[in-house]
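Please look over the sequence and the structure below before reading on.

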Amino acid sequence: YKPPGQSIYESYGLKDFPDQQPVELPANERSGILTQPSWLVAHSTSFDNHAIHRGKWIRERLLGNVVPDVPITVDAQLPNTPEKTLRERMAVTQQAYCWKCHQLMNDLAYPLEQYDHFGRFRIEEQVLDLEATAKNIDKKGKSAGPVMLNVKLNTAGVIAHVGDPSLEGNIGNPTELMKKLAASERVEQVFVRHALRYWLGRNESPGDAASLQSIHKAYRNSGGSMKSLISTLLSSESFLYRMPESRK
């Protein structure tokens, strides 16, 4: 999908299709991998953003918390009300029973409403204009189609329930969210932990504490080098040695 009269690369703020990849997107519109179209599209539906999935990913993969699974008694569907913004439709999740889990996800994802389901930067969201649609009738008295209305986006969010005062607080847009996450030592440690889990094929244990500390130190001292992280991880005791079955 692309807006009428606009090419795909223009919708990403580029003047021409880049000959070399990857390409640096406009700094005032993008800040880090979570604002890249590929990640945004991966956490969208065919026609809409999936703010809840985006917030869950950040909560679990970057902040190190756990979001419980959806109870089998809950119909996890947002209201089918195209005349409302996604934030307005998500208000149903603020009911007491739902909010226990959604307070961990919603506020983290709202800043990413700055982008649509295709990863395009935007300042407005399109909703159905009920009154104009009702009046949009052809000469035969039949509907001539829906009429859309542009509504200014509300990208305000909150980082909360983390246990780190230096990280928690209000955020107004995706750039503020990315900068807070990027500057957080806790986020670095969670990232290192997930890397250890991936290359070891298991969850960490208390015996991995020394390895985690050395890997994180190497990552910080190298200015965030993934190469240093992996080389230190692959030479750590946690990776090189396994506990005998008799001692497990």
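Which residues of helix 8 (residues 174-182) are buried? They are Pro 174, Leu 177, Met 178 and Leu 181, where buried means under 20% relative accessible area, exposed over 50%, and partly exposed in between, with a 1.4 Å probe and protein chains only. Seen down the axis of helix 8, these buried residues fall within an arc of 95°, so they line one face of the helix; the arc is that of the directions from the helix axis to the C-beta atoms. An α-helix has 3.6 residues a turn, so residues three or four places apart point the same way. Helices (H or I, at least four residues) and strands (E, at least two) are DSSP runs, numbered from the N terminus.

This is a predicted model, in which local features need pLDDT of at least 70 and side-chain atom pairs count only at pLDDT 80 or more, while totals for chains, interfaces and linings use all residues. Residues are numbered from 1 along each chain as its sequence is written, and side-chain values use heavy atoms, with hydrogens and water left out.

The cover over the buried residues of helix 8 includes helix 3 (51-61), helix 6 (106-109), strand 3 (157-159), strand 4 (169-171) and helix 9 (185-200), contact being heavy atoms within 4.5 Å.

In the loop between strand 3 and strand 4 lies His 161, whose phi is near 60°, a positive value in a residue other than glycine. Most residues other than glycine have a negative phi. His 161 is partly exposed, with a relative accessible area of 44%.

For the chain as a whole, the secondary structure comes to twelve helices and four strands, and the C-alpha trace spans about 80 × 50 × 35 Å along its principal axes. Of its 248 residues, 37% count as buried. Among contacts between residues at least 6 apart in sequence, 57% join residues at least 24 apart.
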